[in-house]
Amino acid sequence: MDTHTKANVKLLLSPRHSRGITYWIYALGSNEKSARLSGVKTERLTFYAFINRGVLAALVGLIFSARLNTATPKAGVGFELDVIAACFIGGASASGGVGKVLGAVIGAFIMGVMNNGISIMGIGIDWQQVIKGVVLRAAVCVDAYNKNK
């Protein structure tokens, strides 16, 4: 039995966490096969996770268009790098099954402060993207280093 399977079984069988959907999603993200063998309905959970993601994306789109007071199709272009970097800075893993919402929020605050600081310093948009890419690369390297430990 590999370590992911042991962790999923321990997580799913512990009485304190046995009914929480967030723990099922963690188990699904960590190892789908062991989650399925532990009794999680993986197809259904995946479907509901994608529905949740779509609803939240629509909500964010509405909030963002209300904030800008306009609805253009290119309003959110370029935010992908910031969002991915915020998740990695917050502690999410590229392999899945790791991370917390609070970590993602903290990562978003760090990216927001960094964006504001770079803009205040007057650095050009091209170099801003380079700096964000370096920060994302560093976060991924830290994640890979921690995974191989």
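**A buried lysine and the helices around it**

Modeller: Lysine 132 counts as buried, because its relative accessibility is 6%, where buried means under 20% relative accessible area, exposed over 50%, and partly exposed in between (1.4 Å probe, protein chains only). This is a predicted model, in which local features need pLDDT of at least 70 and side-chain atom pairs count only at pLDDT 80 or more, while totals for chains, interfaces and linings use all residues. Residues are numbered from 1 along each chain as its sequence is written, and side-chain values use heavy atoms, with hydrogens and water left out.

Lysine 132 has its place in helix H7, helices here being DSSP runs of H or I with at least four residues, and strands runs of E with at least two, numbered from the N terminus. Leaving aside residues up to four places away in sequence, lysine 132 touches Leu81, Asp82, Met111, Met114 and Asn115, a contact being heavy atoms within 4.5 Å.

Leu81 and Asp82 bring us to the pairing of H5 with H7, for both are among the H5 residues that meet H7. The axes of H5 (residues 79–89) and H7 (residues 125–148) come within 9 Å and cross at roughly 30°; such axes are lines fitted to C-alpha atoms, for helices over the stretch in contact, and the angles run from 0 to 180 degrees between N-to-C directions. H5 and H7 are therefore roughly parallel to each other, since angles under 35 degrees count as roughly parallel, over 145 as roughly antiparallel, 65 to 115 as roughly perpendicular and the rest as oblique. H5 passes H7 in a left-handed crossing, the term for a near helix turned anticlockwise from the far one by less than a right angle, with clockwise giving right-handed.

On the H5 side, Leu81, Asp82, Ile84, Ala85, Phe88 and Ile89 take part, and they meet Gln129, Lys132, Gly133, Val135, Leu136, Ala139, Val140 and Asp143 of H7. The residues of this contact of H5 with H7 divide into nine nonpolar, two polar and three charged; Ala, Val, Leu, Ile, Met, Phe, Trp, Tyr, Cys and Pro count as nonpolar, Asp, Glu, Lys and Arg as charged, and the others, Gly among them, as polar.

Glutamine 129, also in H7, is partly exposed, with a relative accessible area of 32%. Glutamine 129 and leucine 81 are 48 residues apart in sequence, and their C-alpha atoms are 8.5 Å apart in space.

Met111 and Asn115, which lysine 132 also touches, are among the H6 residues that meet H5. H5 and H6 (residues 101–121) pack at an angle of about 125°, with their axes 7 Å apart, and are therefore oblique to each other. Their crossing is right-handed. From H5, Asp82, Ala85, Ala86 and Ile89 meet Gly103, Ala104, Gly107, Ala108, Ile110, Met111 and Asn115 in H6. By class, this contact of H5 with H6 has seven nonpolar, three polar and one charged residues.

Asparagine 69 counts as exposed, because its relative accessibility is 71%.
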